[in-house]
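Colleague: Could we go through this model together? I would like to begin with the sheet and then turn to the salt bridges.

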Amino acid sequence: MESTPLLVKALQRRVLDRPPVWLMRQAGRYMAEYRELKEKYSFLELCKSPELSCEVTMQPIRYLNPDAAILFADILLPLESMGLEVAFNPGPQIGNPIRDRSDIENLRPVDVEKSLGYVFDAVSAIRKELDASYANPERKALLGFAGAPWTMACYMLDQTPFKHFMGTQVFAARSKESIHLLLDTMTPMLIEYLSLQAQRGADAVQLFDTWAGNLSEEAYREFALPYTQRIVEALQAKDIPVVVYVNGSSHLLQAMIDSGACTISVDARTSLRRAHELGQGNVAVQGNFDPCDLFLPKDEVISKTQAMLDSMKGVNGYLVNLGHGILQTTPPEN
Ligand code: CP3
């Protein structure tokens with residue numbers, strides 16, 4: 001019989017001998033093997049080929065041996081299906097950002113299964129490869145993911161000259177009905193997108209609401225939380241565990257917990273212990289090693305990691321991770 005992967009047990013807050021570990025952006029440019037592939041293929045070509053996406057997903061599994069693989073893709077892929085021009089140079093750029101309500105009304109309805117079929121094929125390929133290479137009891141989890149509606153909207157509405165996606169906050173403040181229409185349009189599409197990833201072999205999904213940390217708690221509860229809640233409810237009703245990640249979320253922990261997600265993922269500015277205590281034992285916590293500290297000498301990386309682990313000693317429902325993604329020039333051995 002197949003055993004439950006360690007990471008899934010931690011999401012269920014079971015008693016474990018050690019916490020599971022994986023790293024956000026564990027695949028990517030800090031790895032020489034990835035950079036080699038990037039000489040032959042563009043980022044979008046890697047994402048759109050199930051074979052290459054599977055290969056890139058597996059690179060850090062072989063090198064780091066973490067407890068979970070995360071699908072190699074990007075949160076912006078679904079935007080292409082909606083009619084937006086998405087480019088990566090390497091940061092994302094939208095060629096035709098949304099300017100007004102009519103642009104929102106004119107977004108293409110998405111046939112998720114068809115237009116994002118390459119993502120689901122990648123999930124199947126990774127599941128197969130993981131199960132062939134790692135048998136019980138080391139069976140590895142596979143994480144699917146998507147961007148949360150607010151963070152997706154940030155890219156769809158991003159307009160210079162604002163920084164930190166303040167243009168999206170200005171748009172939301174001035175055009176409440178339109179922003180809610182946009183967020184409401186994204187939500188069922190994301191539910192279907194994540195459900196299909198789970199159907200094809202993802203054990204759990206992470207909802208990246210990276211830029212929601214820019215919002216006050218009041219604005220988060222107005223523009224981000226209701227949509228996150230809907231996604232969490234729909235997926236967890238189908239037994240698909242959801243991890244909610246927000247960057248810079250110290251002021252949003254209670255609201256993130258209110259999303260109903262089984263797990264909240266926090267960055268290095270947040271106290272893991274405080275997040276755990278706010279959850280009153282009902283929510284698992286993931287995080288939060290500072291990706292900048294991966295540039296320290298090895299012995300300091302070890303002592304800081306030990307301090308992080310000590311701070312969560314005895315907690316059921318803890319997943320070791322970084323506070324944000326691995327930075328490009330990180331020394332891989334760290
Ligand atoms: O290993 C993994 O974590 C899985 C793959 C993954 C990527 N993007 C690959 C990627 C995941 C989970 C993402 C999510 C993502 N994408 C988020 C949420 C997580 C976060 O970082 O907060 C966001 C905001 C994006 C949008 C995005 N895509 C940005 C901001 C960038 C530029 C990143 C940079 O460091 O320049 C991308 C491009 C991207 N996505 C790369 C990778 C490996 C680099 C592209 C390249 O290799 O040229």
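Modeller: The discussion below concerns a predicted model.

Colleague: In what order do the strands of the open sheet come?

Modeller: The order is E1-E4-E5-E6-E7-E8-E9, seven strands with parallel pairing. Strand E1 (68-70) and strand E9 (318-322) are the edge strands, each pairing on one side only. From one strand to the next, the twist averages 25°.

Colleague: And how many bridges join E7 to E8?

Modeller: Three bridges join strand E7 (residues 263-265) to strand E8 (residues 284-289). Serine 265 has glutamine 286 in E8 as its bridge partner.

Colleague: Changing topic, how many salt bridges does a search of the whole structure find?

Modeller: The search finds 16 salt bridges. One of them pairs aspartate 67 with arginine 18, with the closest N and O atoms 2.9 Å apart. This pair links distant parts of the chain, 49 residues apart: aspartate 67 is in the loop between helix H4 (50-64) and E1, and arginine 18 is in the loop between helix H1 (6-11) and helix H2 (32-40).

Colleague: Is aspartate 67 buried or exposed?

Modeller: Aspartate 67 counts as buried because its relative accessibility is 10%, under the 20% cut-off. Arginine 18, at 42%, counts as partly exposed.

Colleague: Which residue forms a salt bridge with glutamate 277?

Modeller: Arginine 273 does, the closest N and O atoms being 3.6 Å apart. Both residues lie in helix H15 (residues 272-278), four residues apart, about one turn of the helix. Glutamate 277 is exposed at 52% relative accessible area, whereas arginine 273 is partly exposed at 32%.

Colleague: Which residues do salt bridges with shared partners join into one network?

Modeller: That network consists of Arg127, Asp131, Arg139 and Asp203.

Note on methods. Residues are numbered from 1 along each chain as its sequence is written. This is a predicted model: local features need pLDDT of at least 70, side-chain atom pairs count only at pLDDT 80 or more; totals for chains, interfaces and linings use all residues. Side-chain values use heavy atoms; hydrogens and water are left out. Two strands pair if DSSP finds at least two bridges between them. Helices (H or I, at least four residues) and strands (E, at least two) are DSSP runs, numbered from the N terminus. Axes are lines fitted to C-alpha atoms, for helices over the stretch in contact, and angles run from 0 to 180 degrees between N-to-C directions. A salt bridge is a side-chain nitrogen of Lys or Arg within 4 Å of a carboxyl oxygen of Asp or Glu. Buried means under 20% relative accessible area, exposed over 50%, partly exposed in between (1.4 Å probe, protein chains only).
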